Amino acid sequence: MKSLLKACIFIPSLSLSLCLSLCLSLCLCSVSLVEGMNSDDASVRENATQKADERIARGPEQVEGCRTIVNHTLINSNPSSSTHQTEGAGETSQDSFLRSLATDAEERAKIRKKNKKLAGALKEKGNMAFGQGDYEVAVRHYSEGLDKLRDFEALYTNRAQAYIKLEKYQEAITDCDWALKCNENSIKAYVHMGKANLGLKNYKEARECYQKILTIDPKQEKLVKEYASKLELAERKEQQEKEAQEEFERGNVNSTTVCEVLKKLGRVHRPAFFYLGGLNLLTELMTDCTEQTLFRTNGGFGVVNDNEIIRGSLNSPIKQPHEEALCVSVLLLWQAVCRGNEENQRVLMSSPGVSQLVMDLLSCEQSGILRECVELLSLYSQSQHGRNALVGNVDLTRMLQLLVGFVTGSDATADRAAGILTDLAQEEKYKSHFQKDCVLRVLPPFETLLKNVKMANKRVMPQCISFLGSLVADKGIRKQLAASEGCWEACLVAVDDSMSSISVKEYSEILYTLLGLMVNLSLEQCSALQGKAVAITERCVSLLDSTEGGILTRATGLLSHVLPQSDEAVEKAVEAGIVKKMVKFMKVGGQQTTRYAIKTLAACTRGSQQARAETVKCDKKLSALTKLLTSEDEMVVGNAALCLGHCLGEPGAATALLASDIVRILLTLAGGDARESALQQNSAIALGKLCTADPRHMAQLRELNGLAILSSCMKYIK
């Protein structure tokens, strides 16, 4: 615009008003054509395109609106002084015009800011409607927002998501295209575009959308994997339905029989044995994926679920023999229909009322129904899609409580129940369900279980404790359970029961798993643990005489976490002779046992003079500690340096190290480049205490130019 104005000003035969008129006409014409070509109305776009073509065809000679003929313009080759005055006036007018443009830009910025605020408010209204499931209203609010601000990326992606819920997939794809024009790296746009293409069965395009996400952000691998899994499931479903229909059209006996039996089951007012026979026949017919698919595509789930007699039997609180038989038959049919068929698993568990019905059947008294209900859930828990179906539809808290209750049984149902819990613990969504109110949702059934170890199924008890340990891996759940005195009390009761029968293999396995759970819980510092520290320490010290390496290691690990939190527990442990055992473990223990042992010893020597004296006495010339300083495990090295620093104040300890290379080792560690500053800090402190306790070490420190290094390490000492 500025260039065009300058060009016009230097054409003397044109007045300023005519110049401005020409500029404005050009702008208005261009804006009008651009708006028309971007219109949502096809007829308006076509008309604008035609005008643009005509304008191009006319060439640059005339401009529509002002009819100024460029060829008739005369250029004064010998400008007079008056011309110079005109030029000066033109420059003044140009500045004024540019100022007006700047003012106009400011006004537009204010309007845009206002529209952006309005669009944001409409987006929030749309989000609220979307959250309430009112997708039509959400679309309306998002559209109103886009009327205010056309380049609002989030409004396009949000409206696309609402369109997908309404199964308006093409509209969703269009919105995603517009979102990508606003931001070519919009991950949300590609996610929703992939979903929309999946809804249209454009599998290739959907896969390309998901792959594009990885190109933009490789860290989204988990997200892409989840969507790719749904894509593969949809492709398999379509292929299965195609093959099933082909089999039916070819007259496959099983295929045609499935459809015929489903029609007969749809008949009303038949006796219970009629439907019982039909259900059993259908179960026998489910030999492969073809029959399973035909069952689904011919409304098999609805036929069974909506049958008045069958439904009444399933819902009956007190079941008669024929009702129990019908329930067992339905559960067997559902197993046959869902085995290896992810789509059937999804359809069944998401059918209205089915998940609630399964939980009701899981709590009934008839053993046959209980057994088959657990078998059905076990079938689901063994696949990713099945677990997702359970997590997304079932009352997980109630299911947990019911399944834990089966552990007291002695039959295969107890094994299946424990297996279901173990499988579900793999899912992050399952764990996240218990992050709130974990003490109320998870702890009660496990408290009962732990306090009745001797009544539980010894074979599956370790599996159940491991399940709880898997949940505790989540920090939020761990903090809640560790803060519960009831949880620690239940663990101690279980430890006592297991220790009393530790010679029995089953109890030994229970104790080993239980100690692992307690080690994980003790990672959290809390008053509940501090209150039980002495009781825990007493049990662990007793277990240090065990002949089983796993129990020894975990008992030591638990001590290494508990003792730093309680001076009273340290005193009890030292009195019980823990120092001698820890020194022994440091010398002959495995890597993990050594790691726990040196941390335990560091905790004891920190607060107990008796522990320091015994360490110096048991570890002649402190050789075990100095050897650990050369370990590749930084945690071991840091605790060894800490423990050494504690002990160097004991008489003769520093002198015993005169013939060793301890100064060089500590100096190297203090000035090294460890990942944790605690290692340098502990080493620097130990080196300082060493030279203070016996000044003869100072000579070697000077020879190694260690004073400067030691001085630089003071930044680590708080």
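**Basis of the model**

This is a predicted model, in which local features need pLDDT of at least 70, side-chain atom pairs count only at pLDDT 80 or more, and totals for chains, interfaces and linings use all residues. Residues are numbered from 1 along each chain as its sequence is written, and side-chain values use heavy atoms, with hydrogens and water left out.

**Confidence**

The score pLDDT is the predictor's confidence in each residue, from 0 to 100. For the protein its mean is 85. Of the residues, 86% reach 70 or more. Helices are DSSP runs (H or I, at least four residues), and strands are runs of E with at least two; both are numbered from the N terminus. Confidence is lowest in helix 1 (residues 2–9), with a mean of 42. It is highest in helix 31 (residues 549–562), at 96. The pLDDT stays below 50 over residues 1–24. Beyond near neighbours in sequence, that stretch has 30 contacts in the model; a contact means heavy atoms within 4.5 Å. Residues 79–86 also have pLDDT below 50. This stretch has one contact beyond near neighbours in sequence.

In the model, residues 187–220 are 79% helix and 0% strand. Their end C-alpha atoms lie 9 Å apart.

Axes are lines fitted to C-alpha atoms, for helices over the stretch in contact, and angles run from 0 to 180 degrees between N-to-C directions.

| Pair | Angle | Axis distance |
|---|---|---|
| Helix 11 (residues 253–265) and helix 13 (residues 289–297) | about 30° | 9 Å |
| Helix 16 (residues 321–338) and helix 18 (residues 354–362) | about 125° | 13 Å |
| Helix 19 (residues 367–381) and helix 22 (residues 412–424) | roughly 30° | within 9 Å |

Angles under 35 degrees count as roughly parallel, over 145 as roughly antiparallel, 65 to 115 as roughly perpendicular and the rest as oblique. Helix 11 and helix 13 are therefore roughly parallel. Helix 19 and helix 22 are therefore roughly parallel too. Helix 16 and helix 18 are therefore oblique.

A crossing is left-handed if the near helix is turned anticlockwise from the far one by less than a right angle, and right-handed if clockwise. Helix 16 and helix 18 cross in a left-handed way. C327, L331 and W334 of helix 16 touch V354, L357, V358 and L361 of helix 18. That contact has seven nonpolar, no polar and no charged residues. Here Ala, Val, Leu, Ile, Met, Phe, Trp, Tyr, Cys and Pro count as nonpolar, Asp, Glu, Lys and Arg as charged, and the others, Gly among them, as polar.

The crossing of helix 11 and helix 13 is right-handed. Here N254, S255, V258 and L262 of helix 11 meet T290, E291, L294 and F295 of helix 13. Four of these residues are nonpolar, three polar and one charged.
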